[in-house]
Amino acid sequence: MVSRPAPSSAALPPMAGGDAPPGFDAFGRAVLEDVRDAVFLQDAAGVLRWANPAGRTLTGDIEPKLHPVAETSGHVEVAGNRHPARVRALPGGWHAWTVAGPEGESVSPRRHVGDFLAAAGPRLAAARGRHGTARVIAELAAAALAETVFVLLPTTRGRWEWWSCEPPAAHGHGRIRRVPPQAAPVLAATFGATGRPQPVPVPAAEVATLPSVVADRFADHAEVTVVSLGPSASAGVTGALLLGRRADPEFGGEQDRAVVEFAKAAGTALANAQRYARQEEATRGLETTLRPIDPPELAGTRFETWYEPAGGVLAVGGDFYDVLPHDDGSAFLVLGDICGKGAEAAALTGRVRHALTALAMVERDGRTLLRLLNELLIAGGSSRFATLVLGTATPTDEGVDLTLASGGHPAPLIVRHAGGVEEVTVPGTLVGISPQARFAEATVRLGPGDMCLLYTDGITEARNRHDPSELFGDDRLRAVLTAAAGQPAREVVRQLRQAVRDWLGSSAHDDIAVLAVECAD
């Protein structure tokens, strides 16, 4: 269907005889004269022949242009303003173009915009990450707004990242070079837009300038439009949604509103995804600095660990351990528990670990280290306290000597290779509560195959999956260790971990940290 200009006369002449569509008589003309909708008749050659009074009122002294979009829809353009129209085929190759009402709403919608947006909202909100959100945007738009959809987002090195959807074909994703603004002015203006999104037709010549992976997909479309996805440049997100249609608009005269409202929702979803991505990056960076690292190798000594924070935003918590080697072959070791869990406890954990790392470089006495840490926490004004056990592991010809000091922490347990579990009595008060805190120190020797277990109360206070009032307790801990005596530290810790997990089931638990020190055979 080809559109040609109307005759030069603004008041199109009456039709008679061969100038009228077959079967067009005085009765038909009288009916159209009284129709409130603007009606235009176009002959088989594409020439606009006649308009009813409503049509002449719409166009005034300006020559209208007819732009077909599909077999049954198009636009009547007047002075740059496009009015959606329903196109009906008439006998003899003629067509009637109908533009309804002052809003130009002519094509009956098959769906309601509100229903579409209500269904799209939860899916946009549930999307995760930049990639996942862009993919959902393309999928939702392809299901209602167009047959072919491309989401374009700027990326590094002068490129665009794209996501496409064209049912029933699979989703597409990739990167393409950015087209210079002088070659694609409509797209450039869309990427730079900061106000309310507004769908704009993209000329075929501009579509052809895009890389072939995009241009080829729009080659057979009657109309290609683009709309901004950036709620504002200050939001840190700019992007564009390319929509290609072959058939009637899904929402009829409400199509532009559907596109605008969807673009606003999609832009907000992208901005949120980017904001959450930055937060997640910061969180992961914080976790990296706070999460305990694997202990170093030490001659004649092996270390085994188990670290399992309570569930939460951060994969770290208030429990921690550290093993720091000295130049003389010994190692400073510490295991602690900060009161509470989650982000606040993790933040204080970082302070305590950094403080002890610095102090341990100049001080070896465990009681002195605990006293200095106690003063530091009180001076810092924190309402939280800590329990710790720390000391030095020194390999000798006879085994490994452990010198341990404790600040209100559960007593270390020695698992002898020959069997039996012993408690290391190291009294001490909580760290960070009182300036008058007192701490003690004890020394114990590990022979070949012996193991010392340092642990936090996340073990003994684990709650039974069937009866939350029942705790794992000290007796069960000792029973597991007694049964595992004589086995390597790795196996002992594995069995303990399995026993606690079986006890917990799927129920929540407190932070858990275990550091086992084994004298190698």
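1. Glu 206 touches Ala 183, Ala 184, Pro 185, Val 186 and Leu 187, leaving aside residues up to four places away in sequence. The structure discussed here is a predicted model. Glu 206 itself belongs to helix α6, which covers residues 204–209.

2. A salt bridge requires a side-chain nitrogen of Lys or Arg within 4 Å of a carboxyl oxygen of Asp or Glu.

3. Strand β21 (residues 451–455) is largely enclosed by the rest of the structure, because five of its five residues are buried. In a regular strand the side chains alternate between the two faces of the sheet. In β21, Met 451, Leu 453 and Tyr 455 point one way, while Cys 452 and Leu 454 point the other way, and all are buried.

4. The pairing of β21 involves two strands treated here in turn. Strand β18 (residues 413–415) runs antiparallel to β21 and is joined to it by three bridges; Val 415 has Met 451 as its bridge partner in β21. Strand β22 (residues 512–519) also pairs with β21 in the antiparallel sense, over five bridges. There, Tyr 455 has Val 514 of β22 as its bridge partner.

5. β14 pairs with β15 (residues 331–338) over seven antiparallel bridges, and Val 323 has Leu 333 of β15 as its bridge partner.

6. Arg 157 has a positive phi of about 60° although it is not a glycine. This residue is found in the loop between β7 (148–155) and β8 (159–165). Arg 157 is exposed, with a relative accessible area of 79%.

7. The count of salt bridges comes to 25. One of them joins Glu 166 to Arg 246, with the closest N and O atoms 3.2 Å apart. The pair links distant parts of the chain, 80 residues apart: Glu 166 lies in the loop between β8 and β9 (172–177), and Arg 246 in the loop between β12 (240–245) and α8 (255–290). Glu 166 is buried, at 15% relative accessible area, whereas Arg 246 is partly exposed at 32%. Both residues also take part in a network of salt bridges with Arg 217 and Asp 220.

8. Arg 364 and Asp 328 form a salt bridge through their side chains, at 3.4 Å from N to O. Arg 364 is in the loop between α9 (343–359) and α10 (366–379) and Asp 328 in the loop between β14 and β15, so the pair ties together parts that are 36 residues apart in sequence. Arg 364 counts as partly exposed at 45% relative accessibility, and Asp 328 as exposed at 54%.

9. A further salt bridge brings together the side chains of Glu 470 and Arg 476, at 2.9 Å from N to O. Glu 470 is partly exposed at 31% relative accessibility, and Arg 476 is partly exposed at 32%.

Note on methods: Residues are numbered from 1 along each chain as its sequence is written. This is a predicted model: local features need pLDDT of at least 70, side-chain atom pairs count only at pLDDT 80 or more; totals for chains, interfaces and linings use all residues. Side-chain values use heavy atoms; hydrogens and water are left out. Helices (H or I, at least four residues) and strands (E, at least two) are DSSP runs, numbered from the N terminus. Contact means heavy atoms within 4.5 Å. Buried means under 20% relative accessible area, exposed over 50%, partly exposed in between (1.4 Å probe, protein chains only). Two strands pair if DSSP finds at least two bridges between them.
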